[in-house]
Amino acid sequence: QVQLVESGGGLVQAGGSLRLSCAASGSIFSINRMGWYRQAPGKQRELVATTTSGGSINYADSVKGRFTISRDNAKNTVYLQMNSLKPEDTAVYYCYANIMVVSGSYYANSWGQGTHVAVSS
């Protein structure tokens, strides 16, 4: 019923920038929280940044001051602008959204397929 499609990953040198996008589509009634997680090889998935429909934003300490999350509610799309990238930012980045579908009665998390970000030193 709901699909999240990410784009914007790739290979970049340290100090460079990338912008990730994630668009939600399907039988969507409302979206509460949207955001990004990442998972590096051999590590657990970790929070990168989240934003609520009301505009509250939360960042992981490791990305504060370098990454910016934004959201277009009209397009059901969330963005992640990543600046001053470091090799330790290398990971698969996953979009997620807390969605209530049409005729639904509760919010549930949906996940994108992931997009690779590789930062070379």
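**View 1. Asn76 in the loop between E7 and E8.** Asn76 lies in the loop that joins strands E7 and E8; strands (E, at least two residues) and helices (H or I, at least four) are DSSP runs, numbered from the N terminus. The phi angle of Asn76 is positive, about 55°, although Asn76 is not a glycine. With a relative accessible area of 24%, Asn76 is partly exposed. Here buried stands for under 20% relative accessible area, exposed for over 50%, and partly exposed for values in between (1.4 Å probe, protein chains only). The model in these views is predicted: local features need pLDDT of at least 70, side-chain atom pairs count only at pLDDT 80 or more, and totals for chains, interfaces and linings use all residues. Residues are numbered from 1 along each chain as its sequence is written, and side-chain values use heavy atoms, with hydrogens and water left out.

**View 2. Thr77 in strand E8.** Thr77 is found in E8. Thr77 is buried, at a relative accessible area of 8%. Leaving out residues up to four places away in sequence, Thr77 touches Cys22, Ala23, Met34, Ser70, Arg71 and Asp72, where contact means heavy atoms within 4.5 Å. Thr77 and Ala24 are 53 residues apart along the chain, and their C-alpha atoms are separated by 6.2 Å.

**View 3. Ser84 in the loop between E8 and E9.** Ser84 is placed in the loop between E8 and E9. Ser84 is not a glycine, yet has a positive phi of about 50°. Its relative accessibility of 41% makes Ser84 partly exposed.

**View 4. The largest nonpolar core.** The largest nonpolar core has 30 residues. A nonpolar core is a set of buried Ala, Val, Leu, Ile, Met, Phe, Trp, Tyr and Cys residues joined through side-chain atoms within 4.5 Å. The residues with the most contacts inside the core are Trp36, Val48, Phe67, Leu80, Met82, Tyr93 and Ile99. At least two core residues come from each of strands E3 (18–26), E4 (28–39), E5 (46–51), E7 (67–72), E8 (77–82), E9 (91–101) and E11 (115–120). E9 gives the largest share, six residues. In soluble globular proteins, nonpolar side chains tend to be buried together.

**View 5. Ile99 and its contacts.** Ile99 is among the residues with the most contacts inside the largest nonpolar core. Residues up to four places away in sequence aside, Ile99 touches Val2, Leu4, Ala24, Ile28, Ser30, Ile31, Tyr106, Tyr107, Ala108 and Ser110.

**View 6. Ser110 in strand E10.** Ser110 is located in E10, which spans residues 108–111. The relative accessible area of Ser110 is 19%, so Ser110 is buried. Beyond its neighbours within four places in sequence, Ser110 is in contact with Val2, Leu4, Cys95, Tyr96, Ala97 and Ile99.

**View 7. Tyr96 in strand E9.** Tyr96 belongs to E9 and counts as buried at 6% relative accessibility. Apart from neighbours within four places in sequence, Tyr96 is in contact with Leu4, Arg33, Met34, Gly35, Trp36, Tyr37, Thr50, Asn109, Ser110 and Trp111. Tyr96 and Ala23 are 73 residues apart in sequence, with a C-alpha to C-alpha distance of 9.9 Å.

**View 8. Ser27 in the loop between E3 and E4.** Ser27 is found in the loop between E3 and E4. At 32% relative accessibility, Ser27 is partly exposed. Neighbours within four places in sequence aside, Ser27 is in contact with Gln1, Met100, Val101 and Val102. One of these, Met100, is 73 residues from Ser27 in sequence and 8.7 Å away in space, C-alpha to C-alpha.

**View 9. The whole chain, for reference.** The chain has 11 strands and zero helices. Its radius of gyration is 14 Å, close to the 14 Å that the globule rule gives for 121 residues, so the chain is as compact as a globular protein of that length. The radius is taken over C-alpha atoms, and the rule is 2.2 Å times the number of residues to the power 0.38. Along the principal axes, the C-alpha atoms fill a box of roughly 50 × 25 × 25 Å. Of the 121 residues, 43% count as buried. Among contacts with a separation of 6 or more, 57% come from residues 24 or more positions apart.
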